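Let's take a walk through this structure together, one piece at a time. Have a look at it first, and then we'll pick a strand to start from.

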Amino acid sequence: MESVKTDEYLTRIGAARPRHPDAEALADLHLRHLRTVPFENLSIHLAEPIVLDEAALIDKIVTRRRGGFCYELNGAFAVLLRSLGYRVTMLAARSLDGGSIGPPFDHMALRVDAPDPWLVDVGFGRFVHRPLRLDPDIDQADPEGVFRLVEAEEGDIDVLKDGVPQYRLEQRPRLLADYEATCWWQQTSPNSYFTRSLVCSRLTEDGRLTLSDRQLVHTVGQERGETTLTTDAEVLAAYRDHFGIELDTVPRLGITP
């Protein structure tokens, strides 16, 4: 990525250019990304195809100031981290939910060497605030809970949050193009979570803000406040004021690329 684009990306997340590609700077970039770049699937319900191309991802997140889901958020973050001198490896994962497992390439996460290996993930919604050490069988405390990496079958790693499996992580290096088929499935299949939901969410300094269709939810600790937005104008204003997303059209469930 060109230096000017790196600076624009850093400005987008409110970060200074790190002096060294170390773990401390990585944790700061990770947290700032979560607080400024929303986890959202609006493109699916605006009939906007999601293109897994580095230039397209940077344009969407940096220039257009949008968010995205895992392939976009972690894909773009990988580009930024590499431009800052980090060694980044894309890893495939499959979500774990109540004993069921998602399809291959269901999720993208990152291994970042800084210089020790870390699990980096700014694209799994409500998840870690800071990177996790890629060390199995140790408890790692985070504001979001206690995380633990457990060795699974065939060299994979299960990522647990408060004892509950979140996803199964492969350790084989992957390329952005490897995720294209499942990314298309996520955008089009009636069985995909993303075609059946409409969500925009980001971490805040004191909790989380989420707009799910027309329901605006603000959580602070254990406190949860909900507001139902009744007009299109209110929805568009919420995207703009709470997430920095300027839209001309309200995304609607049932509209897919």
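Start with strand β12, which covers residues 207-212 in this predicted model. Most of β12 is tucked away: five of its six residues are buried. As a bit of background, side chains in a regular strand alternate between the two faces of the sheet.

So who does β12 pair with? On one side of the pairing story there's β11, made of residues 199-203, which lines up antiparallel to β12 over five bridges. If you want a spot to check this by eye, find V199 and look across to S212 in β12, which stands opposite. Getting from β11 to β12 takes a hairpin with three residues in the link.

Next comes β13, residues 215-220. β13 also runs antiparallel to β12, and six bridges join the two. Here you can look for R208, whose bridge partner in β13 is T219.

To find D178, go to the loop between β10 (164-169) and α5 (180-188). Is D178 buried, exposed or partly exposed? D178 counts as partly exposed because its relative accessibility is 31%, which lies between the 20% cut-off for buried and the 50% cut-off for exposed.

Terms used
Residues are numbered from 1 along each chain as its sequence is written. This is a predicted model: local features need pLDDT of at least 70, side-chain atom pairs count only at pLDDT 80 or more; totals for chains, interfaces and linings use all residues. Side-chain values use heavy atoms; hydrogens and water are left out. Helices (H or I, at least four residues) and strands (E, at least two) are DSSP runs, numbered from the N terminus. Buried means under 20% relative accessible area, exposed over 50%, partly exposed in between (1.4 Å probe, protein chains only). Two strands pair if DSSP finds at least two bridges between them.
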